[in-house]
Amino acid sequence: MRAILIGGTGLVGSLLLQKLLNDPVFTHIKLISRRTAGIQSPRLEEVLIDFENEVQFHNEVIPADVLFCCIGTTQKKVRGDKNAYRKIDYDIPVKAAMFAAEKNTGTYVLVSSAGASAASENFYLGLKAATEAAVLEQQIGAIYIMRPSILLGKRNQSRILESVGKAIMQLLSPLLMGNVSKYKAIHANDVAAAMLAASKKTVTGKFICHYKEIEALAGKA
């Protein structure tokens, strides 16, 4: 299989990249990124691009069996600039899906967020919902939207508020049942494992995966 990975230096993306490199099923892995992952492998092709250069972006999305999109940013990184936030969390995943559809990519797997809703007054959750809607419009055989809640795992950069949130959610997660179980904290490694498993499925369709579905794909359920 040939895979394209966008956003392979973040928490989920870096774990997914390692899984792809350890899986002999994937003969060619193309990492399209803003900064290098610093990994060498004969099966890995890494290209650093300016995602706002649409021609360059389009050219780098080559025909593949699957395109994984794990890209994302934070309010801190964009200094509260909502336009800059949108360019990363909306423009890149949507353009990637458009280009993937044009190149006849078989499967597209996107990391979104639990709580994504067009009706939400929260900027982040509303933006995630808009991104999902635009991606789901594309003519791709299988589209998987992963909606994890708080991600557990070690990041390269410290996020104090997120660390506090993780600690609280780990305590509360066992109490979240039924419809609110989708908000349980989840290990980033499980999300990466679920994405890998989804890419190997032979079914077509559009799938929204919350906590239970992600854990099932990851082999934890």
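I took helices (H or I, at least four residues) and strands (E, at least two) as DSSP runs, numbered from the N terminus. The model is predicted, so I kept to its thresholds: local features need pLDDT of at least 70, side-chain atom pairs count only at pLDDT 80 or more, and totals for chains, interfaces and linings use all residues. Residues are numbered from 1 along each chain as its sequence is written, and side-chain values use heavy atoms, with hydrogens and water left out.

**Entry 1: cavity**

A cavity here is a set of points on a 1 Å grid over the protein atoms alone where a 1.4 Å probe fits but cannot get out; lining residues have an atom within 4 Å of a point. Grid points are joined across faces, edges and corners, and a volume is the space filled by probe spheres set on the points.

I found one cavity of 30 Å³ or more. The largest cavity has a volume of about 40 Å³. I listed its lining as Ile71, Asp89, Pro93, Leu110, Val111, Ser112, Lys128, Thr131 and Glu132. Helix 3, strand 5 (107-111) and helix 4 each give two or more residues to this lining. Helix 4 supplies the largest share, three residues.

I sorted residues by class: Ala, Val, Leu, Ile, Met, Phe, Trp, Tyr, Cys and Pro as nonpolar, Asp, Glu, Lys and Arg as charged, and the others, Gly among them, as polar. The lining of the largest cavity divides into four nonpolar, two polar and three charged residues.

**Entry 2: helix 3 and helix 4**

I then checked how helix 3 (residues 82-102) packs on helix 4 (residues 123-136): the angle is about 20 degrees and the axes are 9 Å apart. Axes are lines fitted to C-alpha atoms, for helices over the stretch in contact, and angles run from 0 to 180 degrees between N-to-C directions. Helix 3 and helix 4 are therefore roughly parallel, the term for angles under 35 degrees; over 145 is roughly antiparallel, 65 to 115 roughly perpendicular and the rest oblique.

Contact means heavy atoms within 4.5 Å. Among the residues that meet are Asp89 and Pro93 in helix 3, and Lys128 and Thr131 in helix 4. The residues of this contact of helix 3 with helix 4 divide into eleven nonpolar, one polar and four charged.

**Entry 3: helix 1 and helix 6**

The axes of helix 1 (residues 11-21) and helix 6 (residues 188-199) come within 8 Å and cross at roughly 50 degrees. That makes helix 1 oblique to helix 6. I noted eleven nonpolar, one polar and one charged residues in the contact of helix 1 with helix 6.

Methods: 1 Å grid on protein atoms, 1.4 Å probe; cavity = no way out; pocket = protein on both sides within 12 Å on 5 of 7 lines; lining within 4 Å.
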